[in-house]
Amino acid sequence: MKRATSQRLGESNRLLVLNHLRRRAVASMHDLIRDTGRSQPTVLKWLAALERAGLVQRRGFGASSGGRPPTLYEFDATAGHVLGVAVEIPSVTVSLLDLNGRTVASEHGAIHSMGPPEVVQHELQAAIRRFLERQGAGRSLVYAGLAVSGFIDRDAGLSLATPRLRDWRDVPVRADLERLLGCPVVLNHHIDALTLAELHVGAAREVADFLFFDFGYGLGVRAVRAGQPLIGRFGNAGLVGHTTVVPDGRLCLCGNRGCLEAYVSGRALLRHARVDDPGPDEDRVIARTVARLLDDGADEADRRAREELERFLSIGLANAINTFEQPMVVLSGFANAGGPGFRDRLLEQTRALLQPTLAGATRLVFSRLPRADAAAQGAALYALSHHLPFADPLVVPEPAERSPHLAKSDATANEPPRQATHAPR
Ligand SMILES: [Zn+2]
């Protein structure tokens, strides 16, 4: 018992030293003693342990204030990598991030099979393996995050059901990916990956409380409080898409009638597509249909469809805002596809349905992140938060040239950060 407590204390001191070093990029032992409030022997002990683990390197000497110049230490963000995999059938995006949460490489792919889970899984794993081979990154992986759409059991690592794949039931996606990668994997909902990207690198990066509302093929909503998404017991909380808005209304994919998602989702808008069977082209057909409906110059039938969409979208948005009372709402997906006319009407109709106290006190903003990249980055940041717990997963250290301690002789400190590369789609 006593041993377990002392191990936990040691681990938290190790992470404390590591995280302060991550934030500073380059620091002396005295900086770390001041930052962490820990004693010199404790800081020295953990610096040595982190050095042995390859996470920390010596980086020359700082300016002397009279005595011996202090040794400088640097966190090595390339000592390991985290992988993010976002699957939204048929698209797959894979991103590789360094330990500071910066994207090193990202790639888009597609799953062509709509067949049995083994075949789909085989295709997905082949895409991940090819990406890692091209990046030469297989061995440096320390953690991976997998984000999937549909219903999940996060703790059991199961994808319970996913849109577009009828035979897909209770697939152990986490264990399968762990076998492929040889590192721990955390399973997340696609909507959480998008929400985390918005929180760390998107419209909500300055706030800790917001509501994320994604109108894509389906409809996903997440409330974030104090930087934590409210996920629910199985990871499916906040899926406002399956709340009833029309008694005995249109049949929804979930089997109930009149769900919001049966009116507001890419899938629901397919009925306006004027195409009999879009087949594997479904995503493109949906995108074209949404663009046509939201175009202010559309014909009479399109105008009626658009008015219905605006009405139900604003009802769904207002219901979610009234329920969670978050000060900011980030709208993502097809909500961004409309012109200024659509956006203005949407905001106006939504505000009209809000509680009076919220109407003037809620900011509605549109996401600017590229959706597929954001999902993979969010999945990887979630994995990074497991690898380095208690830390801000995305760290942008002070540029080394501005560090007051860095000796001028250390020229490598001014190297530009590595750029993210994007493979063509
Ligand atoms: Zn439903």
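1. The C-alpha centres of domain 1 and domain 3 lie 47 Å apart. The bounds come from an automatic or database domain assignment. Domain 1 covers 2–76 + 396–415, domain 2 covers 81–195 + 372–387, and domain 3 covers 205–368.

2. This is a predicted model: local features need pLDDT of at least 70, side-chain atom pairs count only at pLDDT 80 or more, and totals for chains, interfaces and linings use all residues. Residues are numbered from 1 along each chain as its sequence is written.

3. Helices (H or I, at least four residues) and strands (E, at least two) are DSSP runs, numbered from the N terminus.

4. Take Ala379. Leaving aside neighbours within four places in sequence, its contacts (C-beta atoms, placed from the backbone, within 7 Å) include Gly84, Val85, Leu146 and Asn188.

5. Now the backbone. Most residues other than glycine have a negative phi, and most peptide bonds are trans. The bond from Ile89 to Pro90 is cis, with omega near 10°. Pro90 sits in the loop between β4 (81–88) and β5 (91–98).

6. Ala25 has a positive phi of about 75°. Its loop joins α1 (2–24) and β1 (26–28). Arg274 also has a positive phi, near 60°, in the loop between α7 (266–269) and α8 (282–294).

7. Buried or exposed: which is Ala25, and which is Arg274? Buried takes 20 or more other C-beta atoms within 10 Å, exposed 12 or fewer, and partly exposed lies in between, with C-beta atoms placed from the backbone. Ala25 has 23, so it is buried. Arg274 has 10, so it is exposed.

Terms used:
Contact = placed C-beta atoms within 7 Å.
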